[in-house]
Amino acid sequence: MKSPLVTECLFHVAGIPIGAPVVVSWAISAGLVASGYLLARRLTLIPDGKQALIELLVETVDSQIRDTMRVEPAPYRAFIGSLFLFILIANWSGLLPGVEPPTACLQTDAALAVLVFLSVIYFGVRAGGWRGYLATFASPSPLMIPLNFVETLTRAFSLFVRLFGNVMSGVFVIGIVVSLAGLIVPIPLMGLHMLTGAVQAYIFAILATVFIAEGLESHAPGKPEREAP
Amino acid sequence: MTTSWWTFGLQTVNFLILVWLLSHFFWRPVAAVIERRRQMARDLLDQAQADRDAAAQALEEARRRSAGFEEEREKILAEAWREASEARSAALVQAEAEIATLREQSRTAIAQEEEEAARVWTARAGELALTVAARLAARLDGAAVTETFLRWLTDKIAALPADVRSTLGAAGEVEIVSAAPLEPGLQRRVGAEIGAALGASLSFSYRIEPDLIAGLELRTPHLSVRNSWRADLTQILAEINHDERI
């Protein structure tokens with residue numbers, strides 16, 4: 001078994017090495033976009049079963065965002081919802097034979113965590129401006145500015161390390177059990193891995209939501225989408 | 001390590017593209033149809049509320065109109081009652097006037113009938129009196145009666161004013177009317193006494209009228225001297241009628 005920190009290069013495109021996690025991510029992305037397009041291309045006011053299912057998904061994402069951030073979910077729906085769907089499918093892709101989940105690759109989790117970190121800044125600045133966003137570091141006291149700044153970095157670090165650790169460990173455990181006990185025995189562990197993958201996707205998305213919401217905690221005016229708690 | 005950084009960068013770009021594509025093809029259309037359905041539901045609810053408000057307003061209007069109808073009905077009934085009362089009073093007044101008129105007309109008619117009846121009865125009484133007188137006269141002595149009436153006639157002629165007597169004397173022909181035929185001797189004596197009473201020599205013609213009952217009358221074309229029971233009874237009857245009218 002190879003190290004989880006090593007990315008295997010499958011081929012090169014214009015001199016750029018393409019690893020397995022990237023290929024699997026492309027496949028997952030293509031599948032998600034194709035599925036989303038096929039499911040959402042003929043929407044009607046009276047939904048059928050499939051439309052009701054995807055509307056339930058959208059409503060659930062909106063509800064989580066609304067409950068967590070106390071704002072209208074439209075500006076954040078695509079990022080948070082895509083984050084959840086991608087991590088969920090990526091985690092579950094490890095159940096396919098010969099496929100290693102992209103989220104078991106440190107670079108993938110780090111990329112997602114960096115995007116969450118940048119999204120916090122983007123949404124915070126968009127909601128309250130640079131002054132408003134930077135003011136959040138002085139909350140509750142200016143003395144907390146260094147700690148808040150460090151927290152911003154460490155929580156992004158903890159975000160991808162948590163996801164990476166859980167998914168990678170699940171893959172490792174299943175791989176070890178398969179190598180030791182054959183094909184049938186890992187099935188309960190695979191079920192557990194599905195549960196862990198769903199929980200980790202949910203946790204990652206919820207934490208991203210919470211971090212973005214904290215970035216909106218500005219005392220500066222000009223945040224019309226904020227609602228009273 | 002190079003591969004790892006490329007992987008990191010590719011995954012970052014990959015996810016950003018995924019977010020954009022899903023946002024364009026999945027999240028926005030689904031959210032839009034949800035929002036459209038919510039808007040339609042809101043519109044339906046608003047429309048339902050508007051319809052309910054309109055219905056409530058229409059109901060209120062109907063109630064108000066119904067109350068108005070009730071009030072109008074009461075007003076019309078009161079007006080009808082008033083007009084009926086006025087018509088009834090007018091009809092009563094008119095009926096009373098008509099009754100009074102009819103009563104007056106009846107009274108007049110009754111009075112006229114009574115008067116007519118009295119006149120008829122008076123006439124019948126006169127006729128009866130004439131009949132009775134004729135029958136009584138028939139039992140009297142004809143010559144004595146004629147003598148008496150001749151004397152009364154000469155007295156009446158003598159009582160006439162002189163100019164009237166001269167008018168009678170100038171008449172030329174005088175008709176002497178009697179109830180019964182006069183014998184030639186009596187005719188000459190009657191003519192002689194009348195001529196003496198008039199103071200003129202006249203020619204006389206004699207005529208018989210049984211209706212006179214008894215008596216002698218002198219008639220000229222312009223003047224007559226009544227002297228018979230018929231004339232007396234007629235005068236009496238006229239006087240009686242005159243007294244009754246008074």
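Me: A salt bridge is a side-chain nitrogen of Lys or Arg within 4 Å of a carboxyl oxygen of Asp or Glu. Which residue forms a salt bridge with B:R37?

Reply: In this predicted model, the partner of B:R37 is A:E55, and the closest N and O atoms of the two are 2.7 Å apart. The rule finds two salt bridges across the interface of chain B and chain A. By class, the side of chain B that touches chain A has 18 nonpolar, seven polar and three charged residues.

Me: How many residues of each chain are in contact, and what area do the chains bury?

Reply: In chain B, 28 residues are in contact with 44 residues of chain A. Between them the two chains bury about 3,400 Å², with 77% of it on carbon and sulfur atoms. Of the area that chain B buries against chain A, 21% comes from B:Q11, B:F15 and B:W27, more than any other three residues supply.

Me: Are A:Y122 and A:F123 buried or partly exposed?

Reply: Buried means under 20% relative accessible area. A:F123, at 6%, is therefore buried, whereas A:Y122, at 47%, is partly exposed. Their rings also form an edge-to-face pair, 5.1 Å centre to centre with 65 degrees between the planes.

Terms used
Residues numbered from 1 in each chain as written. Chains lettered and ligands numbered in written order. Predicted model: local features only at pLDDT ≥ 70, side-chain atom pairs only at ≥ 80, totals over all residues. Heavy atoms only, no water. Contact = heavy atoms within 4.5 Å. Buried area = accessible area lost by both parts, 1.4 Å probe. Nonpolar A, V, L, I, M, F, W, Y, C, P; charged D, E, K, R; others polar. Phe/Tyr/Trp six-rings, centres within 6.5 Å; stacked < 30°, edge-to-face > 60°. Buried < 20%, exposed > 50% of the residue type's maximum accessible area, 1.4 Å probe, protein only.
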